[in-house]
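Student: Please take a close look at one part of this model and describe it in a connected way. State the criterion behind each term as you use it.

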Amino acid sequence: MAGLLQALVGASEKAAHIARLCRREEPLFQLLVAEKTGADRNRRFLQDFKTLADVLIQEVIKHDLGKEFPELQGHIHGEESNEFKNGQGETVTVRVCAAAGDTAALLLSVLEPERAAAELLAAAVHRDVELGDTELAGVALSVPPQDLAIWIDPIDSTNEYIGGREDVAPVDGIAPGGLCSALVLIGAYDRQTGVPVLGVINEPFFRRDPLTRRWQGRYHWGVAYGDTRLSSLSPPPPRPQPCVVLSRAEGGAVRGALGPLCGDRLRFAAGAGYKMLCVILGLADAYVLSEGSTFAWDACAPHAILRALGGGTVALAGALRARRAGDTGNPPELVYNRPAEGAAGAERWANRGGLVAYVHPQHLEAVLAALATVPGL
Ligand code: 2IP
Ligand code: CA
Ligand code: CA
């Protein structure tokens, strides 16, 4: 049996394949779109979409990991619920069946009359993934699955995934938006402490193959367990003057406070996962978010990789509070096992009070010092 890390990467590859498949045919893609309702609504967007791709991908990851690691069953969580409304207004519970034919029949009840689409998706759900990654195959870890739980964001940056823009020009390597900011995020955290320990980020739309014009993906992983720190990536070198990446929704006060620190190195990008990936890859030195508009499933996987590289993700409000109280210890990191008190639906898992993602502690320190001057933060 391969290890848990290999299983997370394999699941992300299958997920990325399904994400690509769903975009290939525009009429099929239109069929896959349904609107979110009720308490699951992400309050940041007027129109927040849940796609069948999202729901299906989450179920596939849950199914494959739970089958290989029964100890994880009941501890694999994600952004989506597995209920999907079909064209007739009936609620269909999306799940992976024992055989591809049964999964296709279930999917057809959502996709009717697109039989070919349902069969294509079912085949992708049931296919075996061969990784062919010798570096990853050589990683031997003794991380006990019974101590862990999982957060899945089957597709982060759904809006960009649906919009599908391919021609967004990057600014110093950072794409301000577009398809490349849609990512698959799978993170494992310690059930007792809530600390993230394994993370996989998959980029399904990394680049187009120059010959076939088909999308090619890539993935990154990290381990921060006990004293073990391992990653598919090396820590990026720090810049003397930090580059900070923000959401376009970030307000003027935060932009203004970071201006003197970054000069002209303030960047904007879509996707919480993508912005954390920019920090992981060294395209930015920090990602600052002053609001609770990300969730446990957005941050868990990238946070684990950041930890593997010597960095982390702190809870912004808590870090500023501690700082203002004269606490000189390490600022509090986000944890993933504690629902917000008094909240309902997705809000239970919001990273309330914002966050700062970083690799180099000196950048975290500089960012917190700058933000401490902002009244109301
Ligand atoms: C979203 C997505 C958005 C992000 C938001 C996340 O997740 O990553 O892009 O907002 O915080 O919750 P922004 O792009 O302004 O950073 P999803 O697409 O999975 O709903
Ligand atoms: Ca997300
Ligand atoms: Ca999502």
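Tutor: Helices (H or I, at least four residues) and strands (E, at least two residues) are DSSP runs, numbered from the N terminus. The model is a predicted one, in which local features need pLDDT of at least 70 and side-chain atom pairs count only at pLDDT 80 or more, while totals for chains, interfaces and linings use all residues. Residues are numbered from 1 along each chain as its sequence is written, chains are lettered from A and ligands numbered from 1 in the order in which they are written, and side-chain values use heavy atoms, without hydrogens or water.

The loop between strand S3 (76-78) and strand S4 (83-85) holds asparagine 82. With a relative accessible area of 23%, asparagine 82 is partly exposed; buried means under 20%, exposed over 50%, and partly exposed in between (1.4 Å probe, protein chains only). Beyond its neighbours within four places in sequence, asparagine 82 is in contact with Val55, Glu59, Val92, Thr93 and Val94, where contact means heavy atoms within 4.5 Å.

The S3-S4 loop also contains glutamate 79, which supplies an OE donor to the calcium ion (ligand 3) alongside Asp153 (OD) and Ile155 (O), at 2.2 to 2.3 Å. Donors are N, O and S atoms within 2.8 Å of the metal (3.2 Å for Na, K and Ca), and water is not among the atoms, so sites may look incomplete. Along the chain, the donors of ligand 3 follow the spacing E-x73-D-x1-I. Isoleucine 155 is buried, at a relative accessible area of 3%.

Ligand 2 is coordinated by the OD atoms of Asp153, Asp156 and Asp298, at 2.0 to 2.3 Å, with its donor residues spaced D-x2-D-x141-D in sequence. Both aspartate 153 and aspartate 156 are buried.

Asp156 also comes nearest to ligand 1, together with Ser247, Gly271, Lys275 and Ser293, among the 17 residues around it; a residue is near a molecule if one of its heavy atoms lies within 4 Å of it. Oxygen atoms of ligand 1 lie 2.8 Å from a backbone N or O atom of glycine 271, 3.4 Å from one of isoleucine 155, and 3.2 Å from a polar side-chain atom of aspartate 298. Of the 440 Å² of accessible area that ligand 1 has on its own, the protein covers 93% (Shrake-Rupley method, 1.4 Å probe; for residues, only the protein chains shown count as cover). S6 and helix H9 (272-280) are the elements that give two or more residues to this shell, and S6 gives the most, with 3.

Serine 181 touches Asp156, Ser157, Glu160, Ala270 and Tyr274, leaving out residues up to four places away in sequence. Serine 181 sits in the loop between helix H7 (158-163) and strand S7 (183-190). With a relative accessible area of 0%, serine 181 is buried, and its side chain reaches the backbone oxygen of glycine 178 at 2.6 Å.

Notes. Polar contact = N/O pair within 3.5 Å; in protein donor to acceptor, adjacent residues only side chain to side chain.
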